[in-house]
Amino acid sequence: MTYKPDPRLAQAYDEATLLNEEGLEGLCPSYTELAGEGTRFRDDTLLGKGAVKEVYRTFNSHTRRWVAMARLRADRGPEFYDLFVHEAWLTASLSHPNIITIHDAGVDGNGRPFFTMDLKGDSSLADRVAGPAPAGRRELLEIFMKVCDAVAYAHSQGIVHLDLKPENIQADAFGEVLVCDWGLAKQVGELEEGEYELPNALRPLDNMTLMGQIKGSLGFMAPEQVMADAVKDHRSDIFALGCILHLILTGVPPFTGTEEQVLEATRRCEVVPPRKVSPERHIPGALEAVVLKAMARNPEDRYASAQLLRDEISHFLEGYSTLAEKPGFFREARLFLARNRIPATIAFLAIVTLSVVSVLFIQRIQHQQERAERFETKAEAVEILYQDEIDRSEQERKALAIKMARSASDLKKLGIFVRPVETVREARKLVASAEALDDDSALARLQRFSLDCITLNFEGALENPVQPHSGLVDYLLLVNAFPEFNYSEERRPSISKMSGFLQQALEINPNRQALVERMVAFDYASRSDGGDYSPVVAALLDYVCGEKDSAALKYSPADSTLTLQSNQNIRLAIWDKWGSNDCLLRFLTFRSLKVEVDDRFFPGDLQNLHIETLDLSACGELVFNHPVDLPLLRKVIIRPGQVSAQVLRDSISANARFEIVEQQ
Amino acid sequence: MIRYFVQIMGSSDQTRYTLLQRACDLHDEQAWEEFVGHYRRFIFYILNEMGVAFGDIEDVAQQVLLSLTKDLKGYDRSRARFRTWLSTVIRNAALAHFRKQNVRQNYIRVFGEEQSLEAMEQPSEIDLRIEQEWAAYVADLAMTRVKDVFQGQAIEVFELGLDGLPAAEVAEKTGLSIASVYTLRKRVKKRLYLEIRALVAELEPE
């Protein structure tokens, strides 16, 4: 191989070895860029303006990230320089995950001070409470606890904020909470006298002009903050936290009206109790008590520390009573606890709360949003019931048991076809809790019976049979026919036993289509063996059609195909409100389906099948009485003239456009 | 990458032998083979450029290689850069060959009017040319290594840039975004420079 020089490269040698400017740029472009950056901050955009400072979004070209930069407002002169610098220094001295981090402070080319800090999303607690997508109460309470953490830490460092309000708290949707704007913060004991004599024009905050020495934001200030000679200390922050909690619970600020009205209400500490402000929100009494204690007019009567306030919320969320509740009640509650078996109940309820959350989570994953939302209100109802009514009479305790048993029923109805195994598991826990509250709750027993039936634990069902007047009494026809069935999530009948059971069920009690669908759904989901499930599906179809040998299934898992043959008006879904309304063939896995129904066929019955190919060409009459979702459908095969393409496209919705093939 | 970093930034108190030094001083067979492999092609090329007859190139190249190893001890970095020295060695060998051959017209074509041997201390036009050729040669070797490292369109993008094509046109031609063109170019260039420096450390004794 002879060498042929590439003249284009000659220069590269000199640059790389001599490391002149071009050489350095080639060898270490990033270094060159860093060294060559003239301006460190560029591309400013104004984010917000306060009384003293302006905050910009700016690009730090040295670290190559966007940061927030605070600058003194252009119309604020050297009189404000130290105020500004002190804010930077004081904030920088605080190191806490819930307090904004200061990166750097300095003096710019024009001799004006600036400091940089974390740039966060643009949602404040105010937005999370009242914005277009308000957060739920629990989430807001969790944000609130983090604010308490930050404030408690600052207090431990001898620093009070004095301007806590929702706008000064950044809270994103991922749980990050940052207390910002420490512009009014003080080292405790720091003298304020010097500031009293400031000429009006130099007062750092706009609202100072209102009343000499008012600082902080109206509406979240403690009474002592609007009084000239009163001591402002960490308890002023506690009051502001109380205001914030008030807002979180009610959705509206604690003091409203004109400036004068707010000022007056603040001075007199006229706090409207949260439950009175928003009765429709069902605010727990325990939380209202916390708000009123934090917002006590006399600083002595407030919580002694932000930590204590935080613990109250934490206790509430964990399901304990709060200290703020009146002592009379507290004593009574203790006696009540001693009299009854409440500790066990609390333990159960804690489990239930967790379980409910996990079920909701599962459902959300399944995109069963509508269902989940309906259930969420139930879960909340249970929680509030628990929080507020646990101390009530025996009768109310029974009512709670009934409500929990109903929740079990609702949960079962919502989740049994989505996540059968988990749903049964969670519903059983709810039933157990209901029984713990009231051990002869008829409804709880009915639910237990129903769950035993679904799981084919007829032995268990017989231990607690339903009352003769119950609506489920005909379940007993099946239960009594197979009293030896004692199946569970772990132990399932063989496939032939399962299909045999369904065949006989048709003879014994042909009127429980939804129950049978639930039995199969649970069986299918908890079965780990990979046998051919088509006998069970065939028996299920027979049951639904009320007739033996209603259809023949040719199932080939290897080709992922299924052929369904029938000479009658076969139905493939259960269209009552207790059934899933999804196609019963979903218990088999296949991508291609050929339907050969001599008589009328209802393609709507194929709801939610995950098929890619649907061959209807061997069907008699097609009746499109329901729209049908076939998300993965790519191809439909029909006979020429059998049905118009328009009708097919209108009736079938798929994720992508499917082709229509005409075939003799 | 780390290997190069060490070579570039390596502390000076640690004795580092270039390939040439190992080939000469340490009687390292493998180093010698490698050494010959690296230099021979270049020497052949230069001798051919200088008009040494095809049949004689092998012999003269052998002379150059011998001189290189023999005279290495005499090479003084403070007096001349390696490539200056290398070009002197090659030129001297060619000169000796032409003298022996007495092929005057060749001699004149290459060197111009006759100069004293002492004048060779001064860089002449041919020296400069050889030096440039050496630079291009090392860069070319480096480029060969770089080509092994990159996949996809990186090399194509870089070479189009060498041809002077503006980034926008390269982007259009390759179907990449302008930002990708800049990034790829920068990456290849950086790697090329690293390879050149590594080769210089290998091939040019200090």
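This is a predicted model: local features need pLDDT of at least 70, side-chain atom pairs count only at pLDDT 80 or more; totals for chains, interfaces and linings use all residues.
The contact between the two chains involves 22 residues of chain A and 25 residues of chain B. About 2,200 Å² is buried between chain A and chain B, and carbon and sulfur atoms account for 65% of this area. Of the area that chain A buries against chain B, 36% is supplied by Tyr3(A), Arg8(A) and Tyr13(A), more than by any other three residues.

Polar and charged interactions also occur at this interface. Two salt bridges are found across the interface of chain A and chain B, and five residue pairs are in polar contact there, both residues of each pair being at pLDDT 80 or more. Arg8(A), one of the three residues named above for their share of the buried area, forms a salt bridge with Asp163(B), with 2.6 Å between the closest N and O atoms. On the side of chain A that touches chain B, the elements giving two or more residues are helix H1 (10-18), helix H2 (21-27) and helix H3 (29-36) of chain A. The greatest contribution to this side comes from H1(A), with seven residues. The composition of the side of chain A that touches chain B is twelve nonpolar, three polar and seven charged residues.

Elsewhere in chain A, six strands form an open sheet of mixed pairing, in the order S10-S11-S12-S13-S15-S17. Strand S10 (552-556) and strand S17 (659-662) of chain A each have a single partner strand and stand at the edges, so one side of each lacks a neighbour in the sheet. On average, and with direction ignored, neighbouring strands of this sheet are turned by 15° against each other. Within the sheet, strand S12 (residues 592-597) and strand S13 (residues 613-615) of chain A pair in the parallel sense over three bridges; Ser592(A) stands opposite Thr613(A) in S13(A). Helix H23 (residues 534-545) of chain A lies across S10 and strand S11 (561-566) of chain A, and runs at about 155° to S10(A).

Over all chains, the structure holds 39 salt bridges. Side chains of opposite charge can pair when their charged atoms come close. One of the salt bridges joins Glu264(A) and Arg268(A), whose closest N and O atoms are 3.1 Å apart. Both Glu264(A) and Arg268(A) belong to helix H9 (residues 259-268) of chain A, where they lie four residues apart, about one turn of the helix.

Notes: Residues are numbered from 1 along each chain as its sequence is written. Chains are lettered from A and ligands numbered from 1 in the order in which they are written. Side-chain values use heavy atoms; hydrogens and water are left out. Contact means heavy atoms within 4.5 Å. Buried area is the accessible area (1.4 Å probe) that two parts lose on being put together, summed over both. A salt bridge is a side-chain nitrogen of Lys or Arg within 4 Å of a carboxyl oxygen of Asp or Glu. A polar contact is a pair of N or O atoms within 3.5 Å; within protein, one must be able to donate a hydrogen and the other to accept it, and residues adjacent in sequence count only if both atoms are side-chain atoms. Ala, Val, Leu, Ile, Met, Phe, Trp, Tyr, Cys and Pro count as nonpolar, Asp, Glu, Lys and Arg as charged, and the others, Gly among them, as polar. Two strands pair if DSSP finds at least two bridges between them. Axes are lines fitted to C-alpha atoms, for helices over the stretch in contact, and angles run from 0 to 180 degrees between N-to-C directions.
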